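Work through the following exercises with the structure beside you, and try each task before you read its solution.

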Amino acid sequence: MDLFDKSGGPGAEAPKRLQGTPLADRLRPQSLEEFVGQSHLTGAKGLIRTAVERKQVQSMVFWGPPGTGKTTLCRLLAKAAGLPFVPFSAVTGGVKEIREIAAEAEGRRRRGGPPTVLFVDEIHHFSKSQQDAFLPHVESGTIILLGATTENPSFELNSALLSRLRVVVLEPLSRQEVEGLLSRALQDPERGLGGQGLSAAPGAIEKIARQSFGDARSALNLLEGSAVLVREAGEKEITEEAVDRALQGAPIRYDKKGEQHYDIASAFIKSMRGSDPDAAVYWLARMLEGGEEPRFIARRMVIFASEDVGNADPRGLLVAAAVAQAVEFVGLPEARINLAHGATYLAMAPKSNASYSSLGAAQAAVREKGPLPVPLHLRNAPTGLMKELGYHKGYEYAHDSATGETAQQHLPDEIRGERFYEPKEIGEEKALKEKLQRLRDRRKVREDDKGVI
């Protein structure tokens with residue numbers, strides 16, 4: 001079985017474009033001169049430009065959003081180096097196929113042939129244990145591994161494989177770059193739409209570029225879909241209305257399990273923390289439009305209410321908990337209103353992380369000092385023996401005080417006087433700070449009276 005795609009070999013011509021092939025595939029660049037975007041890689045001193053000119057290729061993983069040229073750059077590298085190129089999808093293939101490819105590559109090497117470029121699309125679909133299958137072949141130089149992924153390699157690739165790959169980061173195309181690509185597609189008579197007698201209104205090109213969000217494949221697919229609608233209507237100009245019809249039902253790109261999920265959730269939290277309700281509802285809308293699970297959003301808000309608002313506004317937790325309950329009771333689409341209510345309230349609430357910080361400080365003391373004994377006066381004495389041993393002796397019942405307060409010691413002797421909770425002078429915590437200082441002063445006086453240093 002010959003597993004190799006000879007199109008990557010020396011002197012190879014572009015594969016013949018069959019009738020009915022999608023526009024995005026017909027326009028796949030055959031040289032760096034045709035490539036659009038990623039100037040930091042393809043410019044005069046860029047990594048890919050240098051590799052192509054030197055006809056050298058090393059194992060790399062290309063990381064970037066869809067439609068930014070990951071597959072194309074891998075093909076161009078193999079073609080420039082004159083090496084056999086094997087395309088492989090981690091979605092449809094497995095370790096068994098990888099071993100077959102490696103065996104044939106080893107046979108070629110033993111016969112004096114060159115190493116093989118193995119291109120693995122969606123490489124993150126291989127588990128970290130499955131990725132070990134690449135290691136010996138990459139290590140020996142039998143295979144030059146080129147991977148493509150939309151996910152962060154530092155999370156999705158195991159450390160052993162990642163250490164043998166160079167990470168190449170691709171960015172979304174600019175709107176101007178996408179507009180230039182669309183214009184070229186309209187004019188190209190062989191691979192594009194130039195032979196169909198179509199034109200496009202300037203507003204239509206701009207709308208397609210704006211709606212593609214830096215994804216060249218998405219832009220070309222939308223252009224082709226709009227062109228089909230125009231031809232079916234017996235017209236010759238692609239208008240904004242035609243683009244709108246082609247766009248109907250197109251989802252906003254959002255990966256609920258990948259890095260984008262965490263990036264947008266992080267932006268949502270940081271916007272509320274930064275008291276920016278405009279940004280908070282924007283990122284909320286991004287999650288909702290992308291199909292994010294509303295329970296996830298509500299859970300993050302409940303955590304935020306205690307972590308970032310705390311006692312500066314104790315109502316924040318009540319609001320967040322009510323939003324979470326409303327999400328369960330009401331459900332989408334109406335629950336989006338409850339989520340917006342909670343997000344804007346929390347964004348505008350006074351902020352304090354004092355409660356959260358106090359827990360971290362207390363846990364550090366626990367780890368450092370170990371399981372310190374509970375002071376005797378704080379222990380219950382349900383038996384006579386316990387009373388004889390001094391359990392509960394001297395305990396002050398706070399409600400016996402006119403103020404409902406007591407200055408007795410509650411911490412173990414070894415950390416007497418330690419301070420973990422430090423309220424801020426923000427919102428309702430300002431009054432708490434004053435009250436706590438008064439109580440701490442009373443405890444200090446009592447300790448001094450007992451001769452405690």
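**Exercise 1. State how many aromatic pairs the structure holds, and classify the pair of Phe85 and Phe119.**

Solution. The structure, which is a predicted model, holds 4 aromatic pairs, where rings of Phe, Tyr and Trp (its six-membered ring) pair if their centres lie within 6.5 Å. The ring centres of Phe85 and Phe119 are 6.0 Å apart and the planes stand at 15°, so this pair is stacked (planes under 30 degrees apart count as stacked, over 60 as edge-to-face and the rest as tilted). Strands here (E, at least two residues) and helices (H or I, at least four) are DSSP runs, numbered from the N terminus.

A note on the values: residues are numbered from 1 along each chain as its sequence is written, and side-chain values use heavy atoms, with hydrogens and water left out. Local features need pLDDT of at least 70 and side-chain atom pairs count only at pLDDT 80 or more, while totals for chains, interfaces and linings use all residues.

**Exercise 2. Give the order of the strands in the open sheet, and find which strands stand at the edges.**

Solution. The 5 strands follow the order β2-β3-β4-β1-β5, with parallel pairing (two strands pair if DSSP finds at least two bridges between them). β2 (85-89) and β5 (166-169) stand at the edges with a single partner strand each, so one side of each has no neighbour in the sheet. Inside the sheet, β1 (residues 60-63) and β4 (residues 143-149) run parallel and are joined by 4 bridges; Met60, for example, has Leu146 of β4 as its bridge partner.

**Exercise 3. Describe how helix α9 packs against helix α10.**

Solution. Begin with the geometry: α9 (residues 175-187) and α10 (residues 202-212) pack at an angle of about 125°, and their axes are 9 Å apart. Axes are lines fitted to C-alpha atoms, for helices over the stretch in contact, and angles run from 0 to 180 degrees between N-to-C directions. That angle makes α9 oblique to α10, since angles under 35 degrees count as roughly parallel, over 145 as roughly antiparallel, 65 to 115 as roughly perpendicular and the rest as oblique. Next, list the contact (heavy atoms within 4.5 Å): α9 contributes Arg175, Val178, Glu179, Leu182 and Leu186, and α10 contributes Ile205, Glu206, Ile208, Ala209, Arg210 and Ser212.
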